Amino acid sequence: MFVIVEAKALARAMKIANAVTKPRNTIPILSTVKLSYSSAGLTVEATDLDIAVKIAVDEVDGRGEFSTCINARYLAAIVAAAGVAPMRIEPKTMKIPKGSGPADNGEFYERDGAAIEHGYASYEIETLPASDWPDLEGDRAGRIERFTNGMFTAMLRKVAFCVSTEETRYYLNGVAWQARQDGKRFVATDGHRLALCRYDEEGGDGITRIIPRKTVNFLISHLDRLDIDVHQIVKGNAPADHLIDFIAPGLEVRSKLIDGSYPDIDRVVPKDSAHAFKLNRGEILDAIKQAQAVSSERGRAVRFHELEGRLHVESKNPDFGSAKVKTSTAWPEGAPSFGMNGRYMRELIESCQGEVTLGMTDGGSPFLIKDDDKDMTRVCMPMRV
């Protein structure tokens, strides 16, 4: 039993696998990758019990069927050392002496292992049995939806920066994929800002699935620009609502979903605005950056106010001083001054395209940010200054 694979092909698979595995883990099997070879080909699997990935690797030659679990960090180092050479991998039973030196009595422990060769180099390494590999159990069922031309990861990227990192409201630690009766959309919010991307006006099944932050980041990094099929998972005859499959060419990702109720974000999205600011994207980003040059942890807010009919951006540092930056944006008549978290505002505007419009009702209500992307809605909560 053996398989021969190009080192470059295995290196690509290990890069993806090591985005999931953790080198230091209290559960040894989670620090490994599972290599499986059969007539169907060679696959590399990795899991952290929240995400499981399965990567198809083109092999050069092989014989038999086998599965083995190899330490991911060391295998990646061996692959990197191989460069572009072909690698031969075969399972092997290793004999480990029970004693050493004068105490050596000729008795051995038998351990699962593998022999790896490339060029003039050869390795004999201990492995763990594939029977110990933990699976996110469930069978793939009907397809929920198909996304082509990288549409899925492109939409995730539009909203992912608003995902919360606070663990208290755990249900905000992911992107909500909502199939509502009035259309389908992706939403992310941390309670201070919100990004919403609509992509289909046709009604869905009414289900909200919360994709965890780690899974979102993994999909954006490794499935970018790929066609993706999303599938339901079932256990027996019942849906496994806490699991979901993302299938791309040569790569399968199974992920847990966040179990929780996502808040009704439509209650905070403004329906209309009493005042509108037409912002030059580059200019306002520079203005916020310049104003924040003196900001501190105690003074993260920036103040937007009117001076001589124009919008001015101001920041104060209680321990240092203040900064004032003028812009060419016209100040709407009757609009009150207001404060924003500078970083949140900057990141929201950075995600915009073309002309940016900031809509406000009053200084204490949520602000609506629109741009040339008609599918996007962004909201930022004000700060007291």
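Select R378 and display its surroundings: apart from neighbours within four places in sequence, R378 is in contact (heavy atoms within 4.5 Å) with L194, L348, S351, C352, F367, L368, I369 and D371. The model is predicted, so local features need pLDDT of at least 70 and side-chain atom pairs count only at pLDDT 80 or more, while totals for chains, interfaces and linings use all residues. Residues are numbered from 1 along each chain as its sequence is written, and side-chain values use heavy atoms, with hydrogens and water left out.

R378 belongs to strand β26, residues 376-380; helices (H or I, at least four residues) and strands (E, at least two) are DSSP runs numbered from the N terminus. With a relative accessibility of 1%, R378 is buried, the term for under 20% relative accessible area, with exposed over 50% and partly exposed in between (1.4 Å probe, protein chains only). Among the contacts of R378, display D371: the two side chains are joined by a polar contact of 3.2 Å. Such a contact is a pair of N or O atoms within 3.5 Å; within protein, one must be able to donate a hydrogen and the other to accept it, and residues adjacent in sequence count only if both atoms are side-chain atoms.

Next, select helices α1 (residues 7-17) and α2 (residues 72-82), whose axes come within 9 Å and cross at roughly 145 degrees. Axes are lines fitted to C-alpha atoms, for helices over the stretch in contact, and angles run from 0 to 180 degrees between N-to-C directions. On the α1 side the contact is made by A7, L10, A11 and M14, and on the α2 side by A72, L75, A76, V79 and A82. These residues divide into nine nonpolar, no polar and no charged, where Ala, Val, Leu, Ile, Met, Phe, Trp, Tyr, Cys and Pro count as nonpolar, Asp, Glu, Lys and Arg as charged, and the others, Gly among them, as polar.

Move to α3 (residues 151-160) and α4 (residues 213-222), which pack at about 130 degrees with axes 9 Å apart. F152, T153, L156, R157 and A160 of α3 meet V216, L219 and I220 of α4; this contact comprises six nonpolar residues, one polar and one charged.

Finally, inspect two loop residues. N149, in the loop between β11 (139-147) and α3, has a positive phi near 55 degrees and is exposed at 70% relative accessible area. E308, between β20 (301-307) and β21 (310-317), likewise has phi near 55 degrees and is exposed, at 75%. Most residues other than glycine have a negative phi.
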